[in-house]
Amino acid sequence: MPHLALYTFGVLKSPLADPGPLTREFYDLGEAVYRKISQHPGYLARAEAADGDRGVLFEADWGAWGEFAVPNWYGKGRTVETTALAATLSLWTDLRPAFDAVYTGLHREALNRRYDWFERTGHPNYVIWWASDGVIPTWQDGVSRLEHLHDHGAVPHAFTFHHSFAPEGTWTRIKGVGPKSDQVR
């Protein structure tokens, strides 16, 4: 059975190495969010660097998740001192558990504060797609699908929770998301 891949990307207002209060707050809340997400029903795995150094993204060993990559619109730094981004790549059992993890609890609280930390870029900040059973998506997969979503809108190859597709490529809607009359799942 396929799994749902979820890639998120945001451009931070200040570099990860910034010792300022907003950056520290983002990190502190982020660590708590990761702990909660990893305990959420339907969560399978997420990309984690082998060394786990904060701010080391481009040089890190990501194992099966591949070499770290960013969308072509990211124009800030790529060194530990200048990197100003946050990205995640994770696997889920289905749409509903991933949606619930993102839009409830501590992660929802963080989303409500996203513009304190992140720039408004005019680009999507996440994309989802179905990965075949046993396939680990790579960072490059996430980037290419996010760029595809930006350029072409939601299609079975790259979509959002609000414009979703089932594993076989048919349009679907997560129950409780969108117009009540369109609830399918």
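Trainee: What should I know about the model and its numbering?
Mentor: This is a predicted model, in which local features need pLDDT of at least 70, side-chain atom pairs count only at pLDDT 80 or more, and totals for chains, interfaces and linings use all residues. Residues are numbered from 1 along each chain as its sequence is written, and side-chain values use heavy atoms, with hydrogens and water left out.

Trainee: How many salt bridges does the structure hold?
Mentor: There are five salt bridges, each defined as a side-chain nitrogen of Lys or Arg within 4 Å of a carboxyl oxygen of Asp or Glu.

Trainee: Which residue forms a salt bridge with Glu 25?
Mentor: Arg 113 does, with the closest N and O atoms 2.6 Å apart. The pair links distant parts of the chain, 88 residues apart: Glu 25 lies in helix α1 (residues 21–38), and Arg 113 in the loop between α3 (105–112) and α4 (114–117). Helices here are DSSP runs (H or I, at least four residues), numbered from the N terminus.

Trainee: And which residues does the network join?
Mentor: Arg 113 also forms a salt bridge with Asp 116, the closest N and O atoms being 2.5 Å apart. Shared partners join Glu 25, Arg 113 and Asp 116 into one network.

Trainee: How exposed is Asp 116?
Mentor: Asp 116 is partly exposed, at 33% relative accessible area; that term covers values between buried (under 20%) and exposed (over 50%), with a 1.4 Å probe and protein chains only. Glu 25 is partly exposed at 30%, and Arg 113 is partly exposed at 28%.

Trainee: Changing topic, what is the N to O distance for Glu 48 and Arg 46?
Mentor: Their side chains meet in a salt bridge at 3.4 Å. Glu 48 is partly exposed, with a relative accessible area of 48%.

Terms used:
Helix = DSSP H or I, 4+ residues; strand = E, 2+ residues; numbered from the N terminus.
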